[in-house]
Amino acid sequence: MSFRFLFQTLVHPRNVVKDLGDAPTPQHTTVALHGSLQIRHVDAGSCNGCELEVTSAFAPVYDAERFGVRLVASPRHADALLVTGPVTKNMAEPLRKTLEAMPEPRLVISLGDCAHDCGIFNGAYGVEGSVSDVVKVDVHIAGCPPRPEVIVEALRGLTGR
Amino acid sequence: MSQVLVAISQVAAVCVGGPLLLGLMRKVRSRLEGRVGAPIYQPLLDLRKLFAKQRMRPRDSSWVFGAGPVVLVATVVAVTAVSPLATTNPPLGQSSDFFAVVFVLLLGSVLLALSALDTGTAFGGMGSSRSMTIGALCEPALLVAILAMAIAARTSNLPALVRVGLNHPTVIASPARILALASFLVVILAESGRLPIDNPSTHLELTMIHEAMVLEYAGADLGLIILGESMRLVFLLGLFVNLLVPWGVADRPGALYFAVGLLALVAKVAVVGVTIAVFEVFTAKMRLFRLPELLAGGFVLALLGAVTAVVAR
Amino acid sequence: MNEVYVVTIGMAGLLAAILGGALPASSRVVAAVALTWVSCGAAMAAAVSVLSSDHVISLSTTAILPLTGVTLVLNQLGALFVITISVVALASTLYWLGYASHGLATRSASSAMPLFVTSMLLVPFAASVATFLVLWEMMALASLVLVLTDQSRREAARSAAQWYAVMTHAGAAAILLALVLLSAHAGGQTFADIETHARHLSGAVRGTVFVLALLGFGSKAGAVPLHVWLPKAHAEAPGPASALMSGAMVNLGIYGIILVGNELLGGGPVWWWILISLFGVVSAIYGALYAATSSDLKRLLAYSTTDNMGLVLIALGASGLFAAVGRPTTAAIAMVAALLLLVNHSVFKGALFLAAGAVQVATGTRDLDRLGGLMRRMPVTGVVFFIGALSVAALPPFNGFVGEWLLFQGLLHGLPTTNTSVVISVAVAVAALALTGGLTVAAFVKATGIGFLGRGRSVEATEAHEAAITMRLGAAALAALCVVLGLIPMLVLPAIERAAASAGRVNATSATRGWISLHLPGLRGVLAPSLLAGGLAIAVLVVIVLRRSTHRRRHAWPAINSVEPWGSGRKLQTARMQYTATSFAEPLQRVFDDVIRPSRDLDVSHLVESRYYIERIAYHTSNDDVIERQFYRPFIAGVRWWGERARWLQNGSVHRYLAYGFVALVIVLVVVA
Amino acid sequence: MNGATYSSLLEIAAGLVILCAFVTLWRRSLLAIVRALAVQGIALGVVALVLGLHRRDVVLIVVGCLVVVAKGFAIPTLVRRVLANAPMSRETSPLVNVPSSLVGAGALTFLAYGTTRPVVALVSTSAGRLIPLGVATLLIGFFSMVVRRKAVSQIVGLLLVDNGIALVAFLATAGVPLLVELGASLDVLLVVVVLRVLAVQLWSKFAVLDLDQLQELHD
C-alpha cells in the first residue's frame with residue numbers, strides 16, 4: 001500500500017454511484033429524524049435475497065451511510081425496524097419484542113414483497129403472516145428483492161437527505 | 001471572570017469537538033474503504049435526534065442505571081474545565097493534578113460499568129467484566145506513565161507538565177517522556193475502546209467490550225454516553241498532544257492567545273485522530289486474551305520511561 | 001483528669017462486659033451498648049485532649065497487675081488510633097443493637113463485644129511491656145469469642161476460629177519475644193525506659209526485635225504470607241464484629257509496627273524499611289488479586305483489608321526509607337499518607353462490613369453468585385456499600401482517594417535519590433500500587449454490581465428486606481464520614497500530622513497545608529478535593545437538567561419507559577442468565593492464572609446410547625488461597641504426621657510417664673554436673 | 001552539537017536500543033523481531049556516531065558507521081534468510097508467556113540499574129549514566145535465550161547480548177578500540193553464519209527449527 005493510494009482514496013472515493021438524484025421529498029413527516037436514521041434489522045424468515053440487497057445498499061457502491069443511515073446492534077439504539085421476509089411462527093414473538101424494545105418515536109419498515117404479502121411463502125405451514133399482520137408497518141419497500149437504489153431511495157425519503 | 005470563560009469555552013470546544021472527531025474518524029475510515037461516508041457532522045445530527053427520543057430503562061434496574069451516563073459526561077466536563085487544553089493557565093490550574101484527573105475519569109468508567117451490570121442482562125455483565133479487566137490492566141501502565149513524566153518535571157501538576165515541554169523542548173525529546181507518552185497512547189486507545197483493543201462498530205455481541213455495556217441505553221441516555229465517550233477521547237488526545245507537542249497552546253493571558261491555542265488544539269487533535277483512524281483500517285481486533293500482552297507492553301514502556309527518568313537525573 | 005478518662009474507659013467497659021453476661025436477654029445488649037458508648041466517649045475525650053494539646057496522658061498504678069503494675073500513657077500517635085477505633089466502635093455497636101436478634105445476643109457475645117472494644121481502646125494507652133501484652137491478649141481472646149459466635153450453625157466458623165486462634169497466638173508469641181528481648185536488653189519494662197536505652201543496643205538485637213515485631217504485628221495486620229487467618233475470621237465473624245476486626249483491630253497491627261519500629265527503636269537502617277515495603281508490596285498485590293477473584297462478599301472485603309494494609313505498609317516503608325536517606329519532607333508526607341490511608345480504611349471498611357453484615361442477615365448468604373438486585377430491596381444498605389466501594393477504589397470525591405494521592409506524591413517526590421536500593425524498592429512499590437489500584441476497582445465494581453445491582457439471582461435475594469433502623473444508622477454514619485473525609489480531609493489532617501510527628505520523629509506538622517485545597521509545602525503538588533467535587537456536582541446538575549429538558553410535553557410518549565431488558569428477542573430471559581461474580585472475575589483470573597492457580601474440574605457425562613450427546617456437564621472451580629494451599633497445608637500435614645508418630649509416647653501407662661520424669665531428671669543432673 | 005542536544009540524542013538512541021530489546025520479547029512474529037533487531041543495530045551505531053561527533057573521534061565515527069552497516073543491515077539480512085526457509089515464523093509458545101517475560105524484563109532492567117550504580121558513579125559523564133540501559137539489554141538478551149524456543153530467537157538473544165556489551169563499551173569508555181569491536185562483531189557474524197548453516201541443515205533433515213525438539217535426538 002503506497003501513500004499515494006492512501007491519499008487518493010482519502011480525497012477521491014472510487015466505485016461509488018455518485019449521483020442518486022436529489023433528495024426525495026420526505027415520505028414520513030410524523031417523526032423528526034433530522035437527517036439521522038438508525039436501523040435495527042430483523043430477518044423474520046427471509047430467503048436472504050433481501051439481506052443481500054440491504055448489504056449492498058450499505059456497501060461501497062451505494063453507500064447509504066452518506067445519507068445519515070446506519071445499521072445498529074441494539075433496538076434501543078434504533079429509530080426504525082427493518083423487517084425482511086414473511087414472519088414465521090417462531091419469529092413473530094421476537095419481532096414484537098424487538099419493536100417493544102425500541103424507544104419512541106419509532107418506525108417499522110417492511111422490505112421486500114414477502115414482508116408485504118408473504119410472496120411465494122403465502123400459506124406455508126410455518127408462516128404466521130405478513131409483517132403488517134404482526135406489527136404496524138409505516139413504510140414499505142417493494143421488490144423481490146428490491147434493488148439497492150430503491151432501498152437507498154426509500155431510506156433517503158426518511159432521513160430527508 | 002475570564003477564567004470562567006476559559007473553562008466554558010474549553011468545555012464547549014470538547015463538547016462539539018468530540019462528536020466531530022468521531023465523524024472525522026468515521027469519514028477517514030469510509031474513504032479508505034472506498035465509500036463516500038457520512039458527513040463529518042453526522043454524529044452531531046445523531047445526537048440531536050437521540051436527545052429528542054424516549055429514554056428506556058430495564059424493569060429491575062436501580063438509580064445507578066440512570067446515573068451512569070450523567071456521571072460519565074460530568075466527569076469529562078469537570079476535568080476538561082480545569083485542564084491545560086487550549087491554555088496552560090486553566091481555571092484552578094494549581095490543583096489540576098494528573099493523578100486527580102485520571103481518577104475522576106475513572107469514576108465515570110466505573111459508574112458506566114456498574115450501570116451495565118444494573119441492566120440485569122448477560123451482555124451488560126459481559127461488557128462490564130471485560131472493560132473492568134482491561135481497565136485493571138491499563139491502570140498500572142497509566143499511573144507509571146504519569147509518574148515517569150512527573151519525575152522528569154518534578155511535579156504531577158498538568159499545566160506545569162505542559163509548560164515544561166514549552167520551556168525545555170529537550171524534556172519532550174527525552175526517552176522518559178517519549179516512552180511514557182507511547183504507553184499513554186496505548187492506554188487511551190484501550191480506555192476509549194478503539195482498535196486493536198475493541199471494535200467500536202461491531203454488531204456481534206460476543207465480540208463487544210464497550211458496546212456491550214451500552215446496549216441497553218436509548219434516547220438521551222445513549223446520547224449522553226456517546227457524547228461522553230467522544231468527549232473523553234478528545235480530552236485524552238488533547239492532553240496527549242499537549243504533552244507531546246505543546247506548541248501553540250496559550251502560555252499567557254489574552255483572548256487572542258487563547259483563540260490560537262484553541263485552533264492549535266483542534267488541528268493537533270485532528271491530525272492524531274486521522275492517524276488513529278488510518279491505523280485502525282489496517283488493524284484487526286486483538287483476541288481478548290492477547291490484550292494482556294499489549295497492556296503489559298504498555299506497562300513496561302512506562303516503567304522504562306520511569307527508569308530512564310531516574311537514570312537521566 | 002487523666003485518671004477520670006482512663007478509669008471511665010476501663011470501668012465502663014468492664015461493667016458493660018459484666019452486665020452483658022449477667023442481664024436477661026431483653027436488656028443485656030442495650031446495657032452493653034450504652035456502657036460501651038460511655039467507654040468510647042471517654043476514650044475520644046482523652047484522645048482529643050491529647051491531640052489538641054502537647055502533653056500526654058500518663059498514669060501508672062501497681063494495683064491491678066501484680067509484680068509489674070500497669071503503666072498507661074497516651075501520646076499523639078496513640079490518640080489518633082483511639083479516635084479511629086472509637087468511631088468505628090460507636091457505629092458498630094449502634095449497628096449491633098439491630099443485629100443482636102440475629103444470633104448476637106448471647107451471653108458470651110454480649111460480654112465479649114464490650115471487652116473487645118475496651119481492650120482495643122486501651123491498647124494504644126499501654127506503655128509497658130506487661131500492660132501491652134495483657135491488653136493485646138484480652139483483645140485477641142474477646143475477638144476469638146466473637147468469631148466463634150456462629151459456630152453452632154456453621155462448620156466454617158469453627159475452622160476459621162481455629163486458624164485465628166493459632167495464628168494470633170503465634171503472632172502474640174513473636175510480639176512477646178520481641179518485647180521481652182527488648183526490655184531485657186534495655187533494662188526496664190516501661191516503654192519510656194526502653195526508648196531511652198534502645199538506641200544504644202547492638203544492631204543485631206535491634207534487628208532481631210524489629211523482625212520479630214514485624215512478624216507478630218504483621219500477622220495481626222494481615223500481611224501476606226501471615227494473612228491466612230484473616231479472610232477466614234473476618235468473613236466468619238458476625239457483622240459488627242467483622243467491622244470491628246477489619247476496621248479497628250488490624251489498625252493495631254500497624255500501630256504495633258510503628259510503636260516498635262519508630263517509637264521504641266527510634267528508626268533503623270534501610271533494610272528494615274525495605275523489608276516492610278516488601279511485605280507491603282506482596283500483601284497489596286496478593287490481597288487485591290484475591291479480592292478481584294473472590295465471589296464471597298465478606299471474603300472479598302477481608303482480602304481487600306490485606307490489600308489496604310499492604311498499601312499502608314508500603315507508605316510506612318517509604319517513609320522510613322526516605323528518612324534513612326535524609327529526605328525528611330517526603331518522609332513526613334509518606335508517614336502522613338500511611339496514617340491517612342489507615343484512618344480512611346477504618347471508616348470505609350467499617351461501612352462495607354456493616355453493609356455486608358446487613359446483606360447476610362437479609363439473605364442468609366454471602367455468596368455473590370446468589371445475590372443481586374439488593375439496591376432496590378435495601379436502598380440504604382445499597383448506598384452505603386456503593387459509597388464504601390467507591391472509597392476503597394480510591395475514586396474522588398470519596399475519602400480513599402486523598403490518601404492514595406498523598407502516597408503517590410510522596411513516592412514521586414522521593415523517588416529521585418542516589419541510593420539505589422531506595423530507588424528500586426520505591427519503584428517496585430509504585431508499580432505494585434498501580435497494579436493494586438486497578439484490581440481493587442475491578443473487585444469492587446464486581447461486589448457492588450453483582451451483589452446490589454441487576455436482578456436477584458436467588459429467592460433469598462429477591463425477597464430480601466432492608467435491615468433494622470439501627471443497623472442502617474450505624475452503617476450510614478460511617479458512609480457519611482467517607483464522604484465528609486473525602487471532601488474535607490483537612491478535618492483530620494492536622495491530627496494525623498501531629499500523630500505522624502510523634503511517631504516518625506519527623507517534622508510532619510506542616511506536611512500539608514490549606515483548608516480548601518491541600519498544599520504540600522516545599523513541593524509542587526496541590527489537590528482541591530472539595531473544589532473537584534463541587535465542579536463535579538455542578539456538572540452533574542447541568543447534565544441532569546439538560547437531559548430532563550430534552551423531553552417535550554407535546555410528545556405522546558412518557559419521558560422514560562420501563563421495559564423488559566433486551567435479550568435479543570429471546571422468549572425466556574431469567575435472572576440466572578446474568579453474569580455472576582465468578583464469570584465477572586473469569587478474565588482477570590485467567591490473566592493471573594499463573595499466580596492464583598485455581599483448581600478447575602470439568603466433568604462431562606455422555607449419554608449411554610451415544611457419545612455425541614451429553615447428559616450432564618459439571619464445572620467446578622475454586623480459588624482458595626494459594627499460600628494456604630502451598631505452604632500452610634503441607635506444614636500442617638507435616639506437623640500432624642509427627643503428632644501421629646509421637647502418639648506412642650503417650651499410651652496412658654503411669655509407669656511410662658514416671659519413666660519419662662525419671663529420665664528427664666537424670667538428664668538434668670548429668671547436664672548440671 | 002551543543003550539550004543539551006548531544007545528551008538528548010544520546011538518551012534517545014540508547015533508549016531505542018533497550019526499547020528494541022523489549023520489542024523482541026513483545027512481538028511473536030519472528031520477522032518483526034528481526035526488524036526490531038535491525039533498528040537496534042542502527043540505534044547502537046547512532047550512539048557511537050553521536051559519541052564520536054561529540055568527542056571529535058574519527059575512529060569512533062568509523063566504528064559507528066560499521067556498526068550501522070553490520071548490525072543494522074548485514075546481520076539482520078542473514079537472519080532473515082534463515083527465516084525464509086521456515087514457513088511458521090512465529091514464536092508460538094515461549095517457555096514463559098509474553099506478559100510475564102515483559103514484566104521479567106522490566107525487573108531485569110531494575111536489576112541492571114541497581115548493579116551498575118557503582119560503575120556509573122565511577123564514569124560520571126552524561127554518557128556514563130546510560131550504562132544501565134546497556135547492561136539491561138545484555139540481561140534481556142540472556143533472558144530471551146533462556147525462554148525462547150526457536151533457533152532464530154536464540155540468535156536474536158545472542159545478538160542482544162552482543163549489542164548490550166557494545167553499548168556499555170561505547171558509553172563507559174572513550175570507545176572500544178576499533179579492532180576489538182570489529183573482532184567481537186566478526187565473532188557474532190561467524191556464529192550467525194554457523195547457526196544459519198545449522199538451521200538449514202536442521203530444516204532439511206527434520207523440518208523443525210524448534211530447539212526443544214532437538215532433545216529427542218538424545219534418545
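In this predicted model, C:Thr61 stands opposite C:Val70, a residue of strand 2 of chain C. The two belong to a pair of neighbouring strands: strand 1 (residues 57-61) of chain C and strand 2 of chain C pair in the antiparallel sense over five bridges. Two strands are said to pair if DSSP finds at least two bridges between them. Strands here are DSSP runs of E with at least two residues, helices are runs of H or I with at least four, and both are numbered from the N terminus.

Stay with strand 2 of chain C for a moment. Is it buried or exposed? Five of the five residues of this strand (residues 70-74) are buried, so it is largely enclosed by the rest of the structure. A residue is buried if 20 or more other C-beta atoms lie within 10 Å of its own, exposed if 12 or fewer, and partly exposed in between, with the C-beta atoms placed from the backbone. In a regular strand the side chains alternate between the two faces of the sheet. In strand 2 of chain C both faces are covered, with C:Val70, C:Leu72 and C:Leu74 buried on one side and C:Thr71 and C:Val73 buried on the other.

A word on reading the model: residues are numbered from 1 along each chain as its sequence is written, while chains are lettered from A and ligands numbered from 1 in the order in which they are written. As the model is predicted, local features need pLDDT of at least 70 and side-chain atom pairs count only at pLDDT 80 or more, whereas totals for chains, interfaces and linings use all residues.

Now step back to the whole of chain C. It has 25 helices and seven strands. Its radius of gyration is 27 Å, close to the 26 Å that the globule rule gives for 673 residues, so chain C is as compact as a globular protein of that length. That radius is taken over C-alpha atoms, and the globule rule is 2.2 Å times the number of residues to the power 0.38. Along the principal axes, the C-alpha atoms of chain C fill a box of roughly 100 × 70 × 60 Å. Of the 673 residues, 59% count as buried.

Helix 13 (residues 328-363) of chain C has 36 residues and reaches 51 Å from its first C-alpha to its last, close to the 52 Å expected at 1.5 Å a residue. The expected span is 1.5 Å times one less than the number of residues. Helix 13 of chain C is mostly covered, with 35 of its 36 residues buried. Just after this helix, C:Gly364 takes a positive phi of about 75 degrees.

Next, look at how the chains meet. Residues are in contact if their C-beta atoms, placed from the backbone, lie within 7 Å. The contact between these chains takes 67 residues from chain C and 72 residues from chain B. On the side of chain C that touches chain B, the largest share, 15 residues, comes from helix 17 of chain C. That side divides into 46 nonpolar, 15 polar and six charged residues. Here Ala, Val, Leu, Ile, Met, Phe, Trp, Tyr, Cys and Pro count as nonpolar, Asp, Glu, Lys and Arg as charged, and the others, Gly among them, as polar.

Strands also join these two chains: strand 1 (residues 55-58) of chain B and strand 5 of chain C pair in the parallel sense over four bridges. In strand 5 of chain C, C:Ser562 is the bridge partner of B:Arg57. The loop between strand 5 (560-563) and helix 22 (581-591) of chain C holds C:Gly567. C:Gly567 is partly exposed, with 18 other C-beta atoms within 10 Å. Leaving out residues up to four places away in sequence, C:Gly567 touches B:Thr121 and C:Gln573.

Finally, turn to chains A and D. Chain A has six helices and seven strands, and buried residues make up 48% of its 161 residues. No contact joins chain A and chain D, whose closest C-alpha atoms lie 18 Å apart. The mean pLDDT of chain D is 77, and 74% of its residues reach 70 or more; pLDDT is the predictor's confidence in each residue, from 0 to 100. For the model, the scores are ipTM 0.88 and pTM 0.91.

Conventions
Two residues are in contact if their C-beta atoms, placed from the backbone, lie within 7 Å.
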